Amino acid sequence: MPKTHYLNVKYGIGHLVLPLGLLLCWNAHATLETEPSGLEVSPGPGQLSLSELPFNAPASDVLVTDLDKDGRLDLAFTSHGGNFSQVFFQRDPRRFESGPKSEAVGYHPGNLLEVRHEKGSSLLMSAEGAGRLYTLALAENGELSVAAEARVPFPRFTASFRWPEWGLGMAVAPFSPPSVMLLKEYDPIDVKAASRVNLPLKGTAFPLQSIAIADLDGDDVDEIILPFHQRGMLRVIRYPGPEGEIKVDSLWQTPSLGTVKHVAVADVNGDGRVDLLAPQESPKPGGIDKAFINLLLNKGNREFELIELEFPSKPRAEGGMPGIRGLDTAVDQDGKRYILAAGYDAYVLYQLASNVPLGSIPSRNLPFAAREAIFEVLLKDVDGDGWLDAVVARGRDESAGLVIYGPLWDNFHEYAEGEMKTP
Ligand SMILES: [Ca+2]
Ligand SMILES: [Ca+2]
Ligand SMILES: [Ca+2]
Ligand SMILES: [Ca+2]
């Protein structure tokens, strides 16, 4: 079984000003929380409620799922540059135990994806350097190992989709050249596909940074959405029918989106139609010193209305770096939808309520202690208390994994009042 016991760390702002006294507090916490009892210490006033996970390489990807099937969510981080994945098993709420590093994912691994199919569910790793789509299994010691492998050229990002007669459809974006490959009836156990379609991407010199899947027209058939990072364009692949030609069409054509590498999918205004959230990684070309979340409201008939949600960031002149590194959205147990976006120096949480116009929705900030490159944020109820928590993959060399516990809207307010920052 995995050896390293870990830990749920609470941070107090007081650590910074009263090192000796709080060092003792810190040790007391650490001792308590590494006990196998999983004893949970509630944060007192002036403390951040979070877990830092000792994933010791820049984390480019995180998957949240119950890997060992014990009923509690676990976290699997992957480092593209560090060439490994590692699972953190949640033994009790907020108490994690680190599994061994899995170097079987090879050189420059991409994203780890969980897919459901007729034989069950599988973990798929885009093993870019190995030129394989690996089906991973969890070994007895908590390590992710390769159970089966399919030859696919330089896979970097994958997503699964549903098309009639396609079984498990897989969209695979390679590191190079700019293209996307669709696998029909992919079987992750026997690692075979009924057919493969390779689609070169025109109009971009850059490979895809992500693939989003959404049923935009509500016909139970997925659309495959491709953000063209530098060009402020979204492309789409629609199901062409049983005999039709599969092609890449334009979905949103103007450069007004700015640099967008990632799209989140949700019915943001609650009208039953799926909308798109495209965060600007940096301000649009020639634009002001500000980044926006592009909310593309789905009006039906393949039309969208663009609403720009301002992302509060410090201007460059004041030492800031405008831009959004990661974004996720979900509905919390208070019935309200939240959007969590990470910039270079703060997390920003937006609260959407039905009586507030989309152009003026309230937001709350939680700053970082130091400027940082975030690779991914996810909203999930990790500890199972019903409230969404924020899971973060950070680009640092040590403790790159982070969970900030909810209720996030209230906690962000308290943290702001206490002028607290995340480590
Ligand atoms: Ca588990
Ligand atoms: Ca559709
Ligand atoms: Ca909608
Ligand atoms: Ca929670």
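Which residues have the most contacts inside the largest nonpolar core?

Analyst: This is a predicted model, in which local features need pLDDT of at least 70 and side-chain atom pairs count only at pLDDT 80 or more, while totals for chains, interfaces and linings use all residues. Residues are numbered from 1 along each chain as its sequence is written, and chains are lettered from A and ligands numbered from 1 in the order in which they are written.

The residues with the most contacts inside the largest nonpolar core, which has 107 residues, are Leu277, Ile293, Leu340 and Ala390. Such a core is a set of buried Ala, Val, Leu, Ile, Met, Phe, Trp, Tyr and Cys residues joined through C-beta atoms within 7 Å; a residue is buried if 20 or more other C-beta atoms, placed from the backbone, lie within 10 Å of its own. The largest share of this core, 6 residues, comes from strand S25 (residues 346–352), strands being DSSP runs (E, at least two residues) numbered from the N terminus.

Strand S19 (residues 264–266) runs antiparallel to S20 and is joined to it by 3 bridges, with Ala264 having Leu277 as its bridge partner. S20 is also joined by 4 bridges to strand S21 (residues 291–300), again antiparallel, and there Pro279 has Ile293 as its bridge partner.

Technical notes. Buried ≥ 20, exposed ≤ 12 C-beta atoms within 10 Å, placed from the backbone. Pairing = 2+ DSSP bridges.
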